[in-house]
Protein chains: 2
Amino acid sequence: MTSSAIRDLLKVISQLGVISLAGGLPAPEGFPIDALLAACERVLRSPDARTALQYSPSEGLPALRRWVAESLPWPVHEDQVLITTGSQQALDLVAKALIDKGSVVLVGSPSYLGAQQVFTTMQAKMVSVACDADGMLPEDLAAKAAGARFLYLQPNYENPTGTCMSAERREAIGQVAARLGLVILEDNPYGDLWYRQPPPAPLAAKLPENTIYTGSFSKILAPGMRLGYLVAPMKLYQTLVKFKQAADLHSASFNQHVVLEVLRDGFLDRHLPAIRELYQRKRNAMLAALDRHMRGLGASWNRPSGGMFIWLRLPEGLSATALLPRAVEKGVAYVPGTPFFAGDADERALRLSYVTATEAQIDAGIALLAKVVQEALEALPTEAR
Amino acid sequence: MTSSAIRDLLKVISQLGVISLAGGLPAPEGFPIDALLAACERVLRSPDARTALQYSPSEGLPALRRWVAESLPWPVHEDQVLITTGSQQALDLVAKALIDKGSVVLVGSPSYLGAQQVFTTMQAKMVSVACDADGMLPEDLAAKAAGARFLYLQPNYENPTGTCMSAERREAIGQVAARLGLVILEDNPYGDLWYRQPPPAPLAAKLPENTIYTGSFSKILAPGMRLGYLVAPMKLYQTLVKFKQAADLHSASFNQHVVLEVLRDGFLDRHLPAIRELYQRKRNAMLAALDRHMRGLGASWNRPSGGMFIWLRLPEGLSATALLPRAVEKGVAYVPGTPFFAGDADERALRLSYVTATEAQIDAGIALLAKVVQEALEALPTEAR
């Protein structure tokens, strides 16, 4: 199942009235409509309205780059910040700048599919590094890193597993990278979505000269604005700007002005706690539903401390891909884990998103999924049970 | 002088208070601020506001794709339309889909620099085809087309020369392409900016199966919204969507909703005549200023029938690149023609933009430029005059 097969599936699902625990869409009730509307009005009524509608620098608006630099938890100069059309574009620019045909890129097993897809379009060879519940395994990284162009990581509440890499693991991964001179692409779209405590410091804070860091406004404001950013060491920055200019000249000036206007008065200090609370409540709803309906069937799942996803392993003998059509037929959808693995896949794994559906839908969806699992178990040949 | 050297130059110019006839920025007084503000308000106050802020299909909003298909002067199905982040992105997607390292891409001599820059980032080999005041020469194209991946063209008021390719030339170029099975990338950011009569039909209308066509909302609404589109034959469409998804998932949903809202009630029927009138007035102002100040110095220039640019040749013995620092010192800037040529450059050529400056600035700028030319001529050794 490729990324486009998943897209096709999601399209079908959206037309069927199925409860979708599949898509990675932020909770729409968290979008700050009033703040965005007020910002649009301020921008378009200001004497600078025509500037907001004109071409603008490829690097992004200076004031927004400054805001990003100042918001990060390590010393970043605004000249290192490049505003991108969503953080997906940051991945694309890095791929263009660093990948030649056949270049090795290291990814976690599993790892974000949208990133792997970008690396594949540039004809990279993906090498997958083993991970556990604390994140990537430093020994396996050390064994596979020789000659790689870069290591791709989502240390915070990664898509698809929801894993937050522990501080110790970050330290150890950082040491391997430093020793081998390995470039890290640290992708952080979910880092602000922590529940009880912020994630450990980014790898970029320890290894600013080795790390390209990306962030996004999609999860903290709204994905429909398509704004993200990257932070690069100065030695790579100009190359990335060159590719940015070729890609789309610059990200929408209007959206940059509007988002800056929203951010300016400390809006996130009020908004983010509400989003965190909302997402935590939804995670709790899904964990409660899993406890209620799935317990005793032999499935296992994790308990993410932030982000949007739970990673579930079906009971032995079941395949998440094979089960999906039956689940959709019953009225619930998820994303099978297989496509997220560059190497050997865990056929039993699947991704559940808890942020788009309502709490009632989450409970109903998990109940349906448990029923499908139950029936699939009963249909297994006796010796496989 | 590379594209980034030009950008650096433009940056310096904007800080110096120099009259810029250099940048290719649409006239800011033509931006429809009121219509955009009203559209933002309608979108964000509608029950669908959250949809406008959410992730959306990589292909673009169905209703906007339909609008584009219906607006084009040949039968296009909305399933062939892909909404892009400015038409620059359309060039980037085509480059990724069709260019391998060393692939030959045919471009006019001269041709749009931003396109050549994209093709270069994908390591294409540019081969330049001779052009005259009616556009590309079919015989030269036929002589050079063997084995080329595609032919890049801006038939309408092209950047940098302002040339509109004649109907006969389109016919002849189309015949060469059809005979050789050559793919055409027909880039049309300026086509709506005609003055007295619309340009001849696009090549895509004759050769829909051979042509990828691009258009833009940057010149008819505002570049800061970063919206454009491409129309592709179905056999290429899915590949382009795959690269679009990798590039930035989709173009900003919010901007697509807002632009659709602006377009919906026939806004362009009222707006475009005003833009055409404005641009024609500015072209007339520059032609008048050239007549007034530059006549008799041995320079020559064309008289574009649409778009944003005049192409000027300096008197014999002068180089546009060498003259630029003196011009900037005197207080006027232009873009030298050299970087637009993939092959042998015309050192005497330069591009003048008449749409960003006011009419008073245009007159003052051309007067300064004439003075610089005059002085440079006087400084030439006698035998070179």
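A salt bridge here is a side-chain nitrogen of Lys or Arg within 4 Å of a carboxyl oxygen of Asp or Glu. This is a predicted model, where local features need pLDDT of at least 70, side-chain atom pairs count only at pLDDT 80 or more, and totals for chains, interfaces and linings use all residues. Residues are numbered from 1 along each chain as its sequence is written, chains are lettered from A and ligands numbered from 1 in the order in which they are written, and side-chain values use heavy atoms, with hydrogens and water left out.

Start with A:E29. A:E29 forms a salt bridge with A:K282, and their closest N and O atoms are 3.0 Å apart. This pair links distant parts of the chain, 253 residues apart. A:E29 sits in the loop between β1 (19-20) and α2 (33-45) of chain A, while A:K282 belongs to helix α12 (residues 267-293) of chain A. Helices (H or I, at least four residues) and strands (E, at least two) are DSSP runs, numbered from the N terminus. A:E29 is partly exposed, at 43% relative accessible area. A:K282 is buried, at 3%. Buried means under 20% relative accessible area, exposed means over 50%, and partly exposed lies in between (1.4 Å probe, protein chains only).

Next comes A:D346. A:D346 forms a salt bridge with A:R313, with the closest N and O atoms 2.7 Å apart. A:D346 lies in the loop between β13 (335-336) and β14 (349-353) of chain A and A:R313 lies in strand β11 (residues 309-313) of chain A, so the bridge ties together parts that are 33 residues apart in sequence. A:D346 is buried, with a relative accessible area of 19%. A:R313 is partly exposed at 33%.

B:D248 pairs with B:K244 in a salt bridge, the closest N and O atoms being 2.9 Å apart. These two residues are four residues apart in helix α10 (residues 234-248) of chain B, so about one helical turn separates them. Both B:D248 and B:K244 are buried. Salt bridges that share partners also join A:D92, A:K96, B:D92 and B:K96 into one network.

Now return to α12(A). This helix packs with helix α14 (residues 359-379) of chain A at an angle of about 30 degrees, their axes 9 Å apart. Axes are lines fitted to C-alpha atoms, for helices over the stretch in contact, and angles run from 0 to 180 degrees between N-to-C directions. The angle makes α12(A) roughly parallel to α14(A), a label for angles under 35 degrees. Among the residues that meet are A:K282 and A:M286 in α12(A), and A:I362 and A:I366 in α14(A). Contact means heavy atoms within 4.5 Å.

Finally, look at the backbone. Most residues other than glycine have a negative phi, and most peptide bonds are trans. A cis peptide bond joins A:S109 and A:P110, with omega about 5 degrees. A:P110 is in the loop between β3 (104-109) and α6 (113-121) of chain A. Another cis peptide bond joins A:N159 and A:P160, with omega about 20 degrees. A:P160 is in the loop between β6 (150-153) and α8 (167-180) of chain A. A:Y157 is also in the loop between β6 and α8 of chain A. A:Y157 has a positive phi of about 55 degrees, although it is not a glycine. A:Y157 is buried, at 1% relative accessibility.

Key: Parallel < 35°, antiparallel > 145°, perpendicular 65-115°, else oblique.
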